[in-house]
Amino acid sequence: KDTEVCVAAARVVGARGNKGAQKPLQKLIDKSKDQVVIGQGIDAMSELMGADAEWDAQLAAFAVSEETEIRNAALLQLGKDGRGEHFDLLEAALQSPQWSTRLAAMRGLEAMRDKRGVPLLIGRMQQESGRMLVEFADALFSLTGKPYRKAARSWEAWWEAEGASFEVISLAELEKATRDEDIRRMKQITSAKF
């Protein structure tokens, strides 16, 4: 009955890939009243079920739930699955009035690594500020390796010029772009003398 224990147990079951835990996890998702517990149950069940069509349909239903934690967990899992048939759910969630749902949709699109997500993220940057703007900039860097950071206009100009021929970078290319960006930032650091 303790929320922290339920969340920790679901996390461990999912990480260990214990297929025998599907029924208890489904019961946890169906019966719990705690959104956080249900969200972690969804995460764990997704790790166990993989590309199961029945679970996929259940995730799609959760992605439009009125409950924030449930909706957000499902959106993130749909993105992690990497299948494009649920792209429209992630696209719609980017327009949510709730910042946490927009964040989950953005992270889902980042995890999906689909070219179609890049112009959506660029378009949304104009409406975001503060930490959310940084998160969107980080997601775009992860998909493109481009160093435009929070400069929405620069992203738009780049997409206009190169969007048609653009392909999402590989994880190896992302690692190299991250190293290059770190070196570039370090060179910009100046020292002061008194």
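## Salt bridges and a helix pair

R107 is partly exposed, with 35% relative accessible area. The model behind this value, and behind the exercises below, is predicted.

**Exercise on R107 and its partner**

Task: State how far apart N and O are in the salt bridge of E135 and R107, and where in the chain each residue lies.

Solution. Start with the atoms: the side chains of E135 and R107 form a salt bridge, with 3.2 Å from N to O. This value falls inside the cut-off of 4 Å, so the pair qualifies. Next, place the residues: E135 belongs to helix α9 and R107 to helix α7. They are 28 residues apart, and the pair links distant parts of the chain. Last, compare accessibility with the limit: E135 has a relative accessible area of 13%, and because buried means under 20%, E135 is buried. R107, at 35%, is partly exposed.

**Exercise on a network**

Task: Describe the salt bridge of R102 with E128 and name the network that includes both residues.

Solution. Begin with the total: the whole structure holds nine salt bridges. In one of them, R102 pairs with E128, and their closest N and O atoms are 2.6 Å apart. R102 sits in helix α7 (residues 99-112), while E128 lies in the loop between α8 (117-125) and α9 (130-144). The two residues are 26 residues apart, and both are buried.

Task: Classify how helix α1 (residues 3-16) runs relative to helix α3 (residues 35-49), and describe the residues of their contact.

Solution. The axes of α1 and α3 come within 8 Å and cross at roughly 10 degrees. Angles under 35 degrees count as roughly parallel, so α1 is roughly parallel to α3. On the α1 side, the contact is made by T3, C6, V7, A10, R11, V13, G14 and A15. On the α3 side, V36, V37, Q40, G41, A44, E47 and L48 take part. Sorted by type, the residues of this contact comprise nine nonpolar, four polar and two charged.

How values were computed: Residues are numbered from 1 along each chain as its sequence is written. This is a predicted model: local features need pLDDT of at least 70, side-chain atom pairs count only at pLDDT 80 or more; totals for chains, interfaces and linings use all residues. Side-chain values use heavy atoms; hydrogens and water are left out. Axes are lines fitted to C-alpha atoms, for helices over the stretch in contact, and angles run from 0 to 180 degrees between N-to-C directions. Helices (H or I, at least four residues) and strands (E, at least two) are DSSP runs, numbered from the N terminus. Angles under 35 degrees count as roughly parallel, over 145 as roughly antiparallel, 65 to 115 as roughly perpendicular and the rest as oblique. Contact means heavy atoms within 4.5 Å. Ala, Val, Leu, Ile, Met, Phe, Trp, Tyr, Cys and Pro count as nonpolar, Asp, Glu, Lys and Arg as charged, and the others, Gly among them, as polar. Buried means under 20% relative accessible area, exposed over 50%, partly exposed in between (1.4 Å probe, protein chains only).
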